[in-house]
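User: I would like to see how the labels used for this model follow from their definitions. Please go through them one at a time.

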Amino acid sequence: MDDRLVYLDNSATTRVYSEVAELMCKIMTEDYGNPSSRHTKGIEAEAHIKNAKTILAKLIKVNEKEILFTSGGTESNNLALIGVTEANKRAGNHVIVSDIEHPSVAETAKRLEELGYNVSKLPVTDKGVVDIAKFKEMLTEDTVLVSTMFVNNETGAVAPIEQMGALIREHAPKAFFHVDAVQAFGKYKIYPKKMNIDLLSVSGHKIHGPKGVGFLYINEKVKIKPIMFGGGQQNGLRSGTDNVPGIAGLALAAQMIYTDFESKIAKMYALKERLIDGISRMPDVYINSIRGEEAAPHIINASFLGVRSEVLLNTFVASGICVSAGSACSSHKQTVSSTLKAMGADIKRMDSAIRFSMCEFTTEEEIDRCIEVLEKELPMLRRFVRK
Amino acid sequence: MFKSFLIKYGEIGLKGKNRHVFEDALVKQIYFGLKDVEGEFKVSKEQGRIYVDALSEYDYDETLEALTRVFGIVGICPMVQIEDEGFDNLAAFIADYMGKVYGDRELTFKVHARRARKNYPLESMEINARLGEKILDAYPNMKVDVHDPDVLLCVEIRNKISIYSEEIPGCGGMPIGTNGKAMLLLSGGIDSPVAGWMIAKRGVQIEATYFHAPPYTSERAKQKVVDLATQMSKYTGPIKLNIVNFTDPQLYIYENAPHEQLTIIMRRYMMKIAEELATKSGSMALVTGESLGQVASQTIQSLYTTNEVCTMPVFRPLIGFDKQDIITIAEKIGTYETSILPFEDCCTIFVAKHPVTKPILHIIQRSEKKIEEKMDELCKIAIDTVETVICQ
């Protein structure tokens with residue numbers, strides 16, 4: 001890898017911890033058994049799964065049997081939404097999702113609508129935070145499921161999860177609470193039982209673990225039906241041969257990301273401020289993220305008014321910096337999901353948004369390099385705005 | 001059961017003394033077309049025919065597909081060759097052949113024998129009659145129809161005997177390399193690959209020029225064009241792609257020329273650069289995907305104005321095509337899926353909201369006069385720094 005490459009796209013995916021890669025390699029070449037097999041190799045493999053469950057259950061303080069391994073965030077979210085509504089048909093027909101969900105929730109919610117569910121979209125404020133007053137009004141006796149993301153993937157805004165959990169208990173006694181914690185896990189300490197969370201989605205590759213694996217925490221009182229059928233693995237709720245190396249890698253990554261947790265988070269918040277300070281000095285910049293510790297430590301979304309995201313992105317590429325366009329909306333693509341749009345941002349802000357996302361390995365030098373490139377290139381790029 | 005293919009070629013058969021040049025080119029293109037197909041092949045010409053023989057186990061469907069992409073082939077006949085071991089042997093083989101290929105289907109047929117080896121004991125008419133009889137005896141569901149048969153069974157008697165009854169249409173045209181070379185202006189759109197394909201089909205070797213404008217256009221947009229050229233190369237053979245960095249000339253036009261004339265001036269400079277690259281490469285024509293009236297820059301006035309900078313012929317094979325016709329070909333040649341990927345190219349980056357649709361040549365020339373000196377310098381740099389990729 002190029003030493004000078006600056007990787008600030010950790011919300012898209014992260015570099016796998018070498019320890020995790022080593023462990024997975026060992027499992028793939030040595031402990032390659034199928035945990036469903038009743039021989040030595042199978043038992044070895046089963047031990048890895050058991051161990052992973054123990055680690056994860058301990059980290060979020062739940063029972064081991066409440067952890068279900070999946071192929072990642074998308075599957076966890078699909079299972080939570082479809083599996084819960086289907087199993088609780090008789091309890092009610094009303095589902096609430098926020099306006100700023102990842103497509104794996106938003107599109108699944110659309111599917112629920114097609115199936116005849118009444119889906120309410122929970123609006124967000126201009127800061128991208130769930131509107132808690134409106135939320136309270138939406139809850140009814142008929143509500144069976146509420147789904148929201150913990151940390152928004154585009155802006156880093158944090159939903160008031162505990163408040164929402166409490167309101168659900170009070171006003172929608174039959175509703176289960178699903179939280180998409182794909183961007184939050186590893187950045188916040190999450191204890192579902194204390195936060196009234198019934199289902200929690202987590203993905204491996206956002207926490208320096210492997211791609212293609214994740215888990216869904218399912219509180220034991222939740223009624224849920226499978227969405228995949230087959231050999232009956234994981235108590236029939238998720239058929240398919242267990243992804244042993246992936247699961248073991250996921251657990252080790254989770255353990256590692258929560259090691260020295262406070263200092264890592266403090267460092268990321270300091271870097272976040274450093275980057276925001278740097279870009280705030282530039283003219284015509286709009287910071288779409290919330291500053292400071294009210295929002296996630298690793299995501300900074302900013303609009304460089306007058307410069308289209310794609311162009312700025314290409315400029316960063318030429319300077320060896322990897323970032324993302326800050327909004328899923330682009331001139332040639334139809335709008336998929338845009339948090340900025342839900343926040344009421346205008347076209348100019350959406351068209352010029354860039355997302356910087358950090359991880360524990362991000363350094364001051366990388367942030368400074370980023371600021372330096374912006375200072376150098378922005379004036380040139382602004383000379384040629386579209387007339 | 002087929003181990004060989006008889007290749008039928010139309011137009012090139014007509015080319016008098018140059019005929020061998022065309023045939024050799026076709027043999028070469030067939031080899032190129034088959035290079036990624038599973039199996040080993042021999043392509044040979046003899047007595048005014050071209051044969052493809054599989055020397056090993058091979059994939060029949062893949063082979064046919066590859067052959068239908070070779071320009072110059074009119075028809076492909078899957079063929080069986082046997083040694084001459086007497087007429088009875090031939091008759092038995094023919095009966096067996098019909099059964100294997102058509103089962104006991106209800107169909108009409110006609111036997112068409114050609115006795116190229118004149119010392120064969122039976123005459124063609126006799127062979128037709130006796131083989132027909134043999135087939136009628138063996139398959140009660142088959143009938144003879146000499147005017148409009150479902151199956152025309154050809155039996156060619158040379159040193160060996162060739163038997164074929166099916167003809168899969170080829171894509172026609174002429175073999176690449178028999179008609180010189182041309183420079184295609186290739187964008188990421190739907191039209192230009194189709195235009196290049198159509199000219200290549202006339203036997204022209206294609207080289208291509210693409211203009212990119214980093215950072216306004218992305219690496220992915222460039223990759224898309226490489227992918228398009230690679231897809232085209234399945235028909236045209238390897239394409240040398242010239243990638244011109246057009247950012248500086250484009251920005252200079254943007255800042256110094258009247259806004260509504262942007263596109264037309266830009267296109268004039270693109271044509272100039274492409275022509276210069278074409279001259280360097282030995283091309284004798286430019287090829288564009290323009291279609292009359294499709295967009296502002298493709299009105300008759302705009303074409304007149306852009307054409308004026310070129311001294312080479314500019315081929316615009318799509319000029320009279322509707323968009324849907326172009327899309328149909330793009331889908332057929334496999335470029336459509338790539339063409340519609342949403343990456344901006346430099347033609348879509350700096351466009352005026354209301355570009356001139358009826359530019360007047362002398363007005364454009366006057367605008368250009370003011371930027372000429374600097375533009376010549378910038379274009380020279382663009383040409384000197386061109387990056388080339390061989391796409392195949």
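Analyst: Chain B is divided into domain 1 (4-169) and domain 2 (181-391), with bounds from an automatic or database domain assignment. This is a predicted model, in which local features need pLDDT of at least 70 and side-chain atom pairs count only at pLDDT 80 or more, while totals for chains, interfaces and linings use all residues. Residues are numbered from 1 along each chain as its sequence is written, and chains are lettered from A and ligands numbered from 1 in the order in which they are written.

User: How many residues of domain 1 of chain B are in contact with domain 2 of chain B?

Analyst: Four residues of domain 1 of chain B are in contact with six of domain 2 of chain B; contact requires C-beta atoms, placed from the backbone, within 7 Å. The centres of these two domains, taken over C-alpha atoms, are 44 Å apart.

User: Why are H5(B) and H6(B) called roughly parallel?

Analyst: Helix H5 (residues 191-200) of chain B and helix H6 (residues 219-236) of chain B pack at an angle of about 20°. Angles under 35 degrees count as roughly parallel, and H5(B) and H6(B) therefore have that label. Their axes lie 10 Å apart.

User: Which residues of H5(B) and H6(B) meet?

Analyst: Pro193(B), Gly196(B), Trp197(B) and Ala200(B) in H5(B) meet Leu228(B), Met232(B), Tyr235(B) and Thr236(B) in H6(B). These divide into six nonpolar, two polar and no charged. Ala, Val, Leu, Ile, Met, Phe, Trp, Tyr, Cys and Pro count as nonpolar, Asp, Glu, Lys and Arg as charged, and the others, Gly among them, as polar.

Definitions and conventions
Two residues are in contact if their C-beta atoms, placed from the backbone, lie within 7 Å. Axes are lines fitted to C-alpha atoms, for helices over the stretch in contact, and angles run from 0 to 180 degrees between N-to-C directions. Helices (H or I, at least four residues) and strands (E, at least two) are DSSP runs, numbered from the N terminus. Angles under 35 degrees count as roughly parallel, over 145 as roughly antiparallel, 65 to 115 as roughly perpendicular and the rest as oblique.
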